[in-house]
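Thanks for coming. I have one structure to go through this morning, and I will keep it short.

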Amino acid sequence: MERKAKIERKTKETDISVEINLDGQGCCDISTGVGFLDHMLGLLARFSSFDIRVKGKGDLQVDTHHIVEDAGICLGQAVKKALGDKKGIKRFGFASAPMDEVLVNTSLDISGRPLLVFNVPFIRGREGSFETEDAKEFIRGFAAHGAITLHINLVYGDNLHHINESVFKSLALALKDAVRVEGKNIPSTKGSID
């Protein structure tokens, strides 16, 4: 069974299309109008081995918040849809990603119960930069709409660019781990994950 999905979302604030193949090669085609978000989504594709295509535009004259949040919502919906009934997946994923002086640990459960614990302090960069608050908004939308329990913990480090990269790399590696097919049964004592 192909684990692919396409999601489209159009509001007065954004217009986004996301396509995903969970059994890809890490290829990406990303264009959101927010350069650093495009870079982070490229890292997510590469290190998860998901093929990801994101095309989006938004009200950037206001700020980047809407496009960042809505991209997370759409990507979460796409992962959830591509997983279908989740039969055979490992379900749990764990990863640590060092990036120079930074270390971030991510643990997740594709549980059907959305929750985000984001233990990364708010760090402000230069004016107009992609801050940890932006990463949190993206990931909050992703976890909520992907129905994923997600814990992201900054162990140490202080460079904003490196922290964001480490967050997205560890998320990618944990996702790759969790969606891996290991058997034929739904990994739940309840018999379903929804």
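I will start with the whole chain, then go through the strands, and end with the helices.

A word of caution: what you see is a predicted model.

First, the overall layout. The chain has four helices and eight strands. Read from the N terminus, the elements come in the order β-β-β-α-β-α-β-β-β-α-β-α. The C-alpha trace spans about 50 × 40 × 30 Å along its principal axes. How does the radius of gyration of the chain stand against that of a compact globule? For 194 residues, such a globule would have a radius near 16 Å, and the chain has 16 Å, so the two agree.

Now the start of the chain. Strand S1 covers residues 4-10 and strand S2 covers residues 14-21. S1 and S2 run antiparallel and are joined by seven bridges. Together they make a hairpin, with three residues between the strands. If you want a place to look, find Arg9, which stands opposite Ile16 in S2.

Next, the first pair of helices. As background, two packed helices are described by the angle between their axes and the distance between the axes. Helix H1 is residues 35-48, and helix H2 is residues 65-83. Their axes cross at roughly 20° and come within 12 Å. An angle under 35 degrees counts as roughly parallel, and H1 and H2 are therefore roughly parallel to each other. The crossing of H1 past H2 is right-handed. Which residues meet here? From H1 there are Leu37, Leu41 and Leu44, and from H2 there are Ile67, Val68, Ala71 and Leu75. Sorted by class, this contact has seven nonpolar residues, with no polar and no charged ones.

On to the sheet. Strands of a sheet pair through backbone hydrogen bonds, either parallel or antiparallel. In this model, four strands form an open sheet, ordered S5-S6-S8-S7, with mixed pairing. The edges are strand S5, at 92-99, and strand S7, at 115-119, each of which pairs on one side only. From one strand to the next, the twist averages 10°. S7 runs parallel to strand S8, residues 149-156, and five bridges join them. Within that pairing, Leu116 stands opposite Leu150 in S8.

Two helices pack on this sheet. H3 touches S7 and S8, and its direction makes about 160° with that of S7. H4 touches S5, S6 at 102-109, S7 and S8. The direction of H4 makes about 150° with that of S5.

H3 and H4 also pack on each other. H3 is residues 132-146 and H4 is residues 160-179; the angle between them is about 20°, and their axes are 10 Å apart. That angle makes H3 roughly parallel to H4. H3 passes H4 in a right-handed crossing. On the H3 side, the contact is made by Thr132, Ala135, Phe138, Ile139 and Phe142. On the H4 side, the residues are Leu160, Ile163, Asn164, Val167, Phe168, Leu171 and Leu175. By class, the contact has 10 nonpolar residues, two polar and no charged.

To recap, there is a hairpin made by S1 and S2, an H1 and H2 pair that is roughly parallel, and an open sheet of four strands on which H3 and H4 pack. That is what I have for today.

Definitions and conventions
Residues numbered from 1 in each chain as written. Predicted model: local features only at pLDDT ≥ 70, side-chain atom pairs only at ≥ 80, totals over all residues. Heavy atoms only, no water. Axes fitted to C-alpha atoms, helices over the stretch in contact; angles between N-to-C directions. Parallel < 35°, antiparallel > 145°, perpendicular 65-115°, else oblique. Left-handed = near helix turned anticlockwise from the far one by under 90°. Contact = heavy atoms within 4.5 Å. Nonpolar A, V, L, I, M, F, W, Y, C, P; charged D, E, K, R; others polar. Pairing = 2+ DSSP bridges. Rg over C-alpha atoms; globule rule 2.2 N^0.38 Å.
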